[in-house]
Amino acid sequence: MKAGELDCIVVGAGHAGIEAAHAAARIGARTGLITLSRDTIAKMSCNPAIGGLGKGQIACEVDALGGLMGLATDATGIQFRLLNRSKGPAVRAPRAQADKYRYQEFMRVALERTPNLTIVEAMVSEILTEHNRVRGVRCHDGAVFSAATVVLTTGTFLRGLMHVGTERQPGGRLGEPAADELSASLERLGLEVQRLKTGTPVRLDAATCDLGKLEIQHGDSEPVPFSFLTDRIDRAQTPCWITYTNERMHQLIRDNLDRAPLYTGQIQSTGPRYCPSIETKILRFADKQRHQVFLEPEDEAQTTIYCNGISTSLPREVQEQMLRLMPGTERARIVHYAYAIEYDYCPPTQLQPSLETKRIDGLFLAGQINGTSGYEEAAGQGILAGINATKKLRGEEPLVLGRDRAYIGVLIDDLMTRGIDEPYRMFTSRAEHRLALRSDNADRRLTQIGRSIGLADDVRYARFRKKLDDIERLRSYLQATRREGSSLWDLLRRPNSDLAGQLAALPEIKVTGYGRHIVEAVVVDAKYEGYLAKQQRLVAAQHDLDSKKIPANFDYAGVEHLRCEAREKLIAFEPATLGHASRISGITPADITVLQVWLKKLSGSARRASGEGAA
């Protein structure tokens, strides 16, 4: 690759980098993806699973926009489950165990076949800028690559430091070096850099586990795909197993807390609240006599087992003793020991809604560098960063997904307006519009957007249009067909109606050949119609605030009657719109009213000055 051949550089080939590079290249930017090794593209360094509550919705949204995560999961998944199946559609979420080796291969091949995309094996050590504008990157070996936009997706590599007991070893991942120089480069550019912590449990040789004595967890008999392009999943599914910790194991851990980096002061950064280490669990929930542990195969051949639920940084010999005390793993051989890792991140309040940094023009951040956790959160940020880096090149307005449009929008808005003090994880409870943000309607919410920016291809768009047509025809039929004085549509809306269960079997509907997903979509639309109408009125009011922009470098200090706390928060967060300002913690409706009046006054003064100048 020669200097000047690139428009966009993506640094890092984890789940954020994959989607960023793929999106930018597909839209038309000449893209370079820089990674330490092709062999680690899409490496599942933690749990080999995609989806879950809130996360499954994001994975479906990435797919709806035209990303890769859903397709890769459907192609390589070894167990599929729809979580919360017994609850309402708004909180249901797909989850799949993946064959981590096939998942990596799928993603590597997909990227290698993407036009406009070049993969470079190197370590980036410096972001090159001129007058606070990106000009490219310099690598550790001295190579320089020029581009007008750069997307950083560095995962846990920035000054990564791994902990096992008292042992400390620099590294971004097991067996891979840390990126120390890049953090220093970001600090020289004026970006704030802080530390977070995460961890991972042991991996076991599956052949040495006694799984026959454990509770088995099967996948769904009819798997629900992640991708709109997948008709069905017919492969045999691989089971998982459930075991439990016990009081003897808890006592062993308590006896060795003086050797646990989390409690000796060796690790001082904050870890994920919702995925705590086993040390934290037994202290935080001291009254619990046992904790559930999922033994999850990492590949279809069941070569290794991931012990989901006992993340730890205790010394190796203690990890071995722990396993001897847990049913099913008494004789298990450890393939990889558990470890904790500390790494640098950039507080996300330094970002614009497009994921471009406020300080450096053309520099975008996505994934764990923004303080998030999880493959899905990373992928959602990655695809938006790739899209917006390309839009930046074209001089177009960025794509910003509102909180009412996507979980990805909720994620990014939360990062910008609330900041973080621990790794951010998505949940359905974070989305106030979750009735409308379901995994089953991600395509209806986002595929048209994907099409408009050039990511959703002709095949995807044709299927999408057919689905919309089928839904509309079935809806019209139900609204026009009456039974016992009411339309079938109105009967469906009744809370205690059992018509939904009978609908697919009605002769009039069976002969049309509507797929199950079409019938289910229409049933949900009918059930939620009243709630969604009410929600839309609230959304319209919020859109009014989101449409009112706050000028860059706005002088909050000069706004009369603005509370001191509000002034401090607004100066620190630099919100782009009144809507963003309204969602900052500590900002009250009264503060927003003061800002509205002040902005209106400024606007009027500007108009009068313009008129006087023209005169």
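A charge is said to sit over a ring if NZ of Lys or CZ of Arg is within 6 Å of the ring centre and within 35 degrees of the ring normal. With that in hand, look at Arg-463 in this predicted model: Arg-463 lies over the face of Phe-228, and the distance to the ring centre is 5.9 Å. Another arrangement of this kind involves Arg-316, whose charged end sits over the ring of Tyr-337, 5.5 Å from its centre.

Where do Tyr-274 and Phe-427 lie? Tyr-274 belongs to the loop between α7 (261-264) and α8 (278-284), while Phe-427 belongs to the loop between α11 and α12 (442-453), so the pair ties together parts that are 153 residues apart in sequence. Is Tyr-274 buried, partly exposed or exposed? Its relative accessible area is 41%, and buried means under 20% while exposed means over 50%, so Tyr-274 counts as partly exposed.

Now turn to another aromatic pair, made by Tyr-461 and Phe-464. This pair is tilted, with 5.9 Å from centre to centre and 40° between the planes. Both residues are in helix α13 (residues 458-480), and because they are three residues apart there, about one helical turn separates them. Tyr-461 has a relative accessibility of 18%, so it counts as buried. Phe-464, at 2% relative accessibility, counts as buried too.

Let us follow the chain to helix α11. This helix covers residues 407-418, which makes 12 residues, and it reaches 16 Å from its first C-alpha to its last. That is close to the 16 Å expected at 1.5 Å a residue. How much of α11 is buried? The count is 11 of the 12 residues, so the helix is largely enclosed by the rest of the structure. Among the buried residues are Tyr-407, Ile-408, Asp-413, Asp-414 and Thr-417. And what covers the buried residues of α11? The cover includes α2 (55-65), α10 (375-394), α18 (564-573) and α19 (578-582). Just after α11 comes Gly-419, which takes a positive phi of about 65°.

One of those covering helices, α2, deserves a visit of its own. In α2, 11 of the 11 residues are buried, so this helix is largely enclosed by the rest of the structure. The buried residues include Lys-55, Gln-57, Cys-60, Glu-61 and Leu-65. Just after α2, Gly-66 has a positive phi of about 115°.

Next come the strands. Strand β7 (residues 124-129) and strand β8 (residues 134-139) run antiparallel and are joined by five bridges. Across from Val-124 you will find Cys-139 in β8. The two strands form a hairpin with four residues between them, and in the turn His-131 has a positive phi of about 55°. Strand β8 is also joined to strand β9 (residues 144-146), by three bridges, and these two run antiparallel. Here Arg-138 stands opposite Val-144 in β9. β8 and β9 form a hairpin with four residues between them, where Gly-142 in the turn has a positive phi of about 95°.

Elsewhere, four strands form an open sheet in the order β12-β11-β20-β13, with antiparallel pairing. Which strands are at the edges? They are β12 (167-170) and β13 (194-200), each of which pairs on one side only. On average, neighbouring strands of this sheet are turned by 25° against each other, ignoring direction. Within the sheet, strand β11 (residues 161-164) and strand β20 (residues 339-345) run antiparallel and are joined by three bridges. Met-162 has Ile-341 in β20 as its bridge partner.

Our last stop is Ala-98, in strand β5 (residues 93-98). Its relative accessible area is 0%, so Ala-98 is buried. Leaving out residues up to four places away in sequence, Ala-98 touches several others, including Met-44, Pro-48, Thr-76, Tyr-103 and Glu-298. Thr-588 is 490 residues from Ala-98 in sequence, and in space the two are 45 Å apart, C-alpha to C-alpha.

Definitions and conventions:
Residues numbered from 1 in each chain as written. Predicted model: local features only at pLDDT ≥ 70, side-chain atom pairs only at ≥ 80, totals over all residues. Heavy atoms only, no water. Expected span 1.5 Å × (residues − 1). Buried < 20%, exposed > 50% of the residue type's maximum accessible area, 1.4 Å probe, protein only. Contact = heavy atoms within 4.5 Å. Pairing = 2+ DSSP bridges. Axes fitted to C-alpha atoms, helices over the stretch in contact; angles between N-to-C directions. Phe/Tyr/Trp six-rings, centres within 6.5 Å; stacked < 30°, edge-to-face > 60°.
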